[in-house]
Amino acid sequence: MNDLTIPLTMQVNGTDHSIDVEPRRHLADVLREDLALTGTHLGCEHGVCGACTVLIDGEPARACLMLAVQAEGSEIVTIEGLADADGTMHPVQAAMHQAMSFQCAFCTPGFLMSTIALLRDNPSPTTEEIREELSGNLCRCTGYQSIVDGVETAVELMGSDR
Amino acid sequence: MTATRQTSGLGFVGQRVMRVEDERLLIGDGHFVADGDPTAVLHAAFLRSPFAHADVVSIDVSAARALDGVVRVFTAAELNARTNLFPPFLMTNGLYAPLFGCLSERRVRHVGDPVALVVATSRAIAEDALELIDVDYEELDAVGSIKAALLGNAPKVWERAKGNVLGDFTDEFGDVAAAFDAADHTIEATLTCPRQTNQPMETRGIVVTVDPDDGHLDVRSTTQAPHFLKWALAALLIDKPTLRSVGDFVRNKERRSAFGAAAKEFVAANRHRLTEQDPRGLLSQVRADRSTLPLMNRIGAGLLAAADYPTVRAGDIGGGFGSKGPVSREEIAIGAAASIMGQSIQWIEDRVENLLDGGQAREEQFRVRVAVDSDGTLRALDVDAIIDQGAYPGFPIPPSVTAKFWKVYMPGPYDFGAFRLRARTVATNKGKVVPYRGPWANETWMRERVIDIVAAELELDPGDVRAKNVLRPESMPPAMITGPTLDETMSAAKTLDHALAMIDRDELVQQKSTAEARGHRLGVGIACYHEAAPGPANFWSSIEPGSDLLLYEDGRAELAADGTIRMYTSQSPHGQSHQTTYKQVAADEFGVSMDDVEIVWGNTDRTQFTLLGTGGSRGGPLGAGVMRVTARNVRDKVAEVAADMLEANVSDIEIVAGNIHVAGVPAKGMTYRDVAAKLAADDGITSGPVLTDQVRYEGVGNGGWSVATHVAWVDIDLETGEVTIPRYVVVEDCGPIINPGVVDGQVRGGVAQGIGAVFYEKHHYDEHATLMTTTYMDYLIPTAMEIPEIEVVHLETLTDGENDARGVGEGGMIGAPAALTNAVSDALGVQVTEQHLPPYRLLELAGIIGPD
């Protein structure tokens with residue numbers, strides 16, 4: 001069963017990749033193991049915790065619930081693709097830093113990607129909307145308040161950018 | 001009055017300094033255990049029992065071995081033959097500690113019990129191979145609950161135990177019988193808490209790398225206690241007979257003299273603790289299982305003779321909440337397999353495994369009697385408690401230890417004149433019980449729930465009953481009735497008074513009637529507690545004489561030849577922001593910026609031995625305390641050298657923002673790099689430390705209590721049973737705060753887990769002890785929709801003691817279940833007696849639907 005691989009072409013964080021993957025492997029494993037993008041985390045591997053959330057053609061998706069071969073031709077953004085090349089944090093990262101949003105930070109990649117998708121679609125969400133939109137991501141450390149604060153800080157930072 | 005000397009001119013301590021950890025973690029540059037190169041290691045998967053209780057009749061691994069990509073398959077018989085059984089720890093007279101191996105050979109005792117290990121070139125192939133292993137089980141009746149465990153004809157989980165009760169202890173303080181006779185009323189209740197599980201977002205994992213030349217094991221692990229894992233791997237992987245180890249040790253002069261010196265130092269440092277040890281624990285264990293002594297001898301002799309111990313390193317860890325403190329059977333199995341094969345192996349637990357046996361907690365019940373007078377004066381507390389420990393005890397802390405904490409904590413910050421606790425620990429066919437954030441927390445839940453029950457029976461206000469009975473600074477006895485010294489400067493009473501003042505009773509009446517008009521019920525609940533964080537000097541001797549052996553915290557500060565300041569901690573942080581807070585503390589002492597300080601943690605080759613690592617709310621009081629003491633000592637040595645160089649008095653030396661100068665003359669200053677260069681030149685070295693200070697720290701500040709009162713408002717929709725929490729307040733006092741952002745996060749995170757426990761999370765085993773909650777679709781972890789904003793009020797008593805920050809990691813979860821279940825009782829006008837209250841249960845309690 002090792003011998004059977006399928007060619008996969010996708011763009012991740014702006015870089016094109018052409019690799020051969022076993023069809024049974026999920027996208028998160030391929031990102032982490034084949035592309036060494038270990039910033040995307042696996043918390044439950046059954047689609048509930050959201051730690052593996054990445055953006056696929058702009059939409060947040062669970063990389064653990066998607067076969068890698070389904071990403072053929074897609075543009076993918078992971079946590080590693082958010083900061084500028086010079087290391088300057090994305091405003092959402094900077095805001096989460098300011099708000100002291102996370103503790104162990106294992107859930108962080110998922111919250112960042114979900115937040116970026118949320119603020120793109122709704123640049124000034126209410127607190128209730130933030131909580132609802134982030135309810136697909138589990139955090140066990142913080143009680144979420146600091147993460148909601150981080151999103152609200154991001155709204156301010158990104159608003160002042162415009 | 002301030003507890004800190006802030007010499008940096010910047011004063012980091014006390015500030016909401018942003019986390020340095022985030023600079024890496026927010027950009028995806030973490031180093032978690034599963035983040036290594038997967039092609040550099042082999043991958044492991046465990047075959048686990050589908051039955052709660054069964055005999056293993058036969059196991060056939062031939063088809064698995066034949067699978068392409070499988071490198072080796074270990075049966076339990078093979079691996080156990082090369083490892084030692086887990087020895088008993090914290091033995092107590094009358095407690096039976098079952099001995100068990102890393103895999104189960106003849107009998108499985110819970111669903112998920114590991115019986116075989118596959119090592120393959122990928123995790124997927126290893127899992128494929130598991131399906132090819134043929135195990136013939138003969139199923140046995142299983143023990144699925146405390147009730148079933150206690151039945152006369154119950155199947156025995158452990159054959160050598162007398163029954164399923166592994167320990168049964170009673171402690172009495174004061175004259176309980178007389179107090180009940182004298183009191184106006186006796187009020188009784190039975191309270192139950194179902195099983196919970198810690199569930200950090202990162203599962204457990206271990207990567208064992210084997211040095212091809214000398215076989216040295218280098219271990220990456222998600223451990224909260226790297227040094228204990230190192231010790232356990234060294235101990236359990238010894239496969240030399242005792243006599244050969246003794247011979248090797250005797251012949252090795254170097255080992256002998258090193259051991260002699262270490263033993264002498266250890267005895268000198270711990271004389272009173274050693275003489276306090278109770279030998280009856282070992283005697284009773286040996287009586288129950290004669291193989292205990294040869295096992296301990298073999299391990300002891302083997303450790304003496306061992307030429308090489310593993311190195312354990314912990315990098316970034318994705319939470320633990322207690323579950324990553326114990327050493328697991330899987331870790332020993334992987335260490336053994338790697339050692340036997342001479343090849344590096346990685347095991348990353350999956351979520352289903354973590355739910356099965358990654359650590360479970362708090363399945364306990366309490367039969368309580370309270371002696372109380374008509375005016376609400378609490379006279380005595382009499383509790384009969386039972387702990388469901390599951391099958392295998394956690395290692396090194398068996399669940400029965402919870403009872404020892406209860407026996408000290410249970411009266412709480414109240415003036416009970418007498419107290420008795422009977423606590424039994426029973427074995428069932430379930431996953432292992434580990435410490436979970438405030439492992440003793442149900443003493444607070446039970447007591448605070450019972451106080452409300454008493455108030456209801458006597459038609460008194462629960463806040464008034466607490467206020468009447470809480471130990472107040474002005475009349476505080478010198479010690480709890482159960483032993484530990486109290487501290488009038490930081491009392492739970494202060495938090496209680498503050499919290500009660502935050503409840504607007506008129507507004508509450510209004511809120512209740514508004515809720516009722518909407519078909520809802522609203523209620524408010526209070527919980528008040530104190531926790532030893534780390535506790536007064538006699539806290540541990542109250543738990544068990546001599547139990548503070550090895551509980552000190554070592555730390556080291558160092559100035560390197562190149563001017564780098566390094567702080568070495570034995571803590572193993574997994575989300576608590578130690579790097580930030582320790583840099584704050586050290587930078588203040590050294591008078592430098594936080595960037596000038598490097599924190600070294602998690603590597604057993606570089607840090608000092610500790611039994612516990614991170615746990616028990618020790619990171620602030622002890623971990624940061626030893627950072628402060630050692631940093632100051634090195635700073636003072638630097639000041640002496642600088643005084644010489646500047647031809648000044650050392651008392652005139654100031655260090656501000658890294659500038660070491662004579663007071664008033666900052667322009668003629670020097671840097672740590674200058675001082676380091678001078679010392680390095682004097683010593684003729686170019687690298688390594690030029691100044692070092694190492695301290696064994698047992699500081700407990702002024703009593704070491706951390707105190708809080710929680711108040712919860714809950715709103716229950718009588719149509720759906722849905723609960724909202726319109727307001728939640730924590731009034732806490734953990735002494736001087738190092739970083740309020742970190743403290744807020746610890747408090748809120750703990751409360752969130754308490755909310756989960758009460759309304760969402762129940763680890764459910766059916767009557768056959770089969771786990772029903774094996775995914776996050778079944779075990780419900782609350783989301784941002786369920787956890788409300790949590791107001792945190794810091795009273796922050798600034799004592800004049802140094803390093804007087806108190807632990808705050810566990811308190812949130814200690815207080816929340818009590819405040820919430822009290823609020824539900826108030827809302828529904830019934831006395832809740834179970835901790836877990838999902839919507840259907842709330843509707844039953846409200847009389848909307850009938851019981852099952």
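User: Which residue forms a salt bridge with R696(B), and how far apart are the closest N and O atoms?

Analyst: Good place to start, and keep in mind that this is a predicted model. The general idea is that side chains of opposite charge can pair when their charged atoms come close. Here R696(B) pairs with D554(B), and the closest N and O atoms are 3.1 Å apart. The pair links distant parts of the chain, since R696(B) sits in strand β24 of chain B and D554(B) in strand β19, 142 residues away.

User: Are the two partners, R696(B) and D554(B), buried or exposed?

Analyst: They fall into two classes. R696(B) is partly exposed at 33% relative accessibility, while D554(B), at 4%, counts as buried.

User: What does the salt bridge between R24(B) and D316(B) tie together?

Analyst: First the geometry: the closest N and O atoms of R24(B) and D316(B) are 2.9 Å apart. R24(B) belongs to helix α1 of chain B, and D316(B) to the loop between β12 and α12, so this pair ties together parts that are 292 residues apart in sequence. R24(B) is partly exposed, with 23% relative accessibility; D316(B) is buried, at 9%.

User: How many salt bridges does the structure hold over all chains, and which residues are linked in a network?

Analyst: The count over all chains is 69. One network of salt bridges links R48(B), R123(B), E127(B), R204(B), E330(B), E349(B), D350(B) and E353(B).

User: Now the interface. How should I read its size?

Analyst: The size of an interface is often given as the accessible area lost when the parts come together. Between chain B and chain A that area is about 4300 Å², with carbon and sulfur atoms giving 60% of it. L26(B), M201(B) and A784(B) supply 17% of the area that chain B buries against chain A, more than any other three residues. As a residue count, 57 residues of chain B are in contact with 43 residues of chain A.

User: How many residue pairs are in polar contact there, and how many salt bridges does the rule find across the interface?

Analyst: There are 23 residue pairs in polar contact between chain B and chain A, and three salt bridges across the interface. R32(A) forms a salt bridge with D35(B), where the closest N and O atoms are 3.0 Å apart.

User: Which elements of chain B give two or more residues to the side that touches chain A?

Analyst: They are α1, α4 and α23 of chain B. The largest share, eight residues, comes from α23(B). By class, this side of chain B has 28 nonpolar, 17 polar and 12 charged residues.

User: On to cysteines: how many disulfides does a search of the whole structure find?

Analyst: Zero, over all chains. To read a case, look at the sulfur distance: for C104(A) the nearest cysteine sulfur, that of C141(A), is 3.7 Å away, whereas a disulfide needs the sulfur atoms within 2.5 Å. C104(A) is buried, with a relative accessible area of 5%. C734(B) is in no disulfide either, and its nearest cysteine sulfur, on C528(B), is 15 Å away. C734(B) is buried too, at 2%.

Definitions and conventions: Residues numbered from 1 in each chain as written. Chains lettered and ligands numbered in written order. Predicted model: local features only at pLDDT ≥ 70, side-chain atom pairs only at ≥ 80, totals over all residues. Heavy atoms only, no water. Contact = heavy atoms within 4.5 Å. Buried area = accessible area lost by both parts, 1.4 Å probe. Salt bridge = Lys/Arg side-chain N within 4 Å of Asp/Glu carboxyl O. Polar contact = N/O pair within 3.5 Å; in protein donor to acceptor, adjacent residues only side chain to side chain. Helix = DSSP H or I, 4+ residues; strand = E, 2+ residues; numbered from the N terminus. Nonpolar A, V, L, I, M, F, W, Y, C, P; charged D, E, K, R; others polar. Buried < 20%, exposed > 50% of the residue type's maximum accessible area, 1.4 Å probe, protein only.
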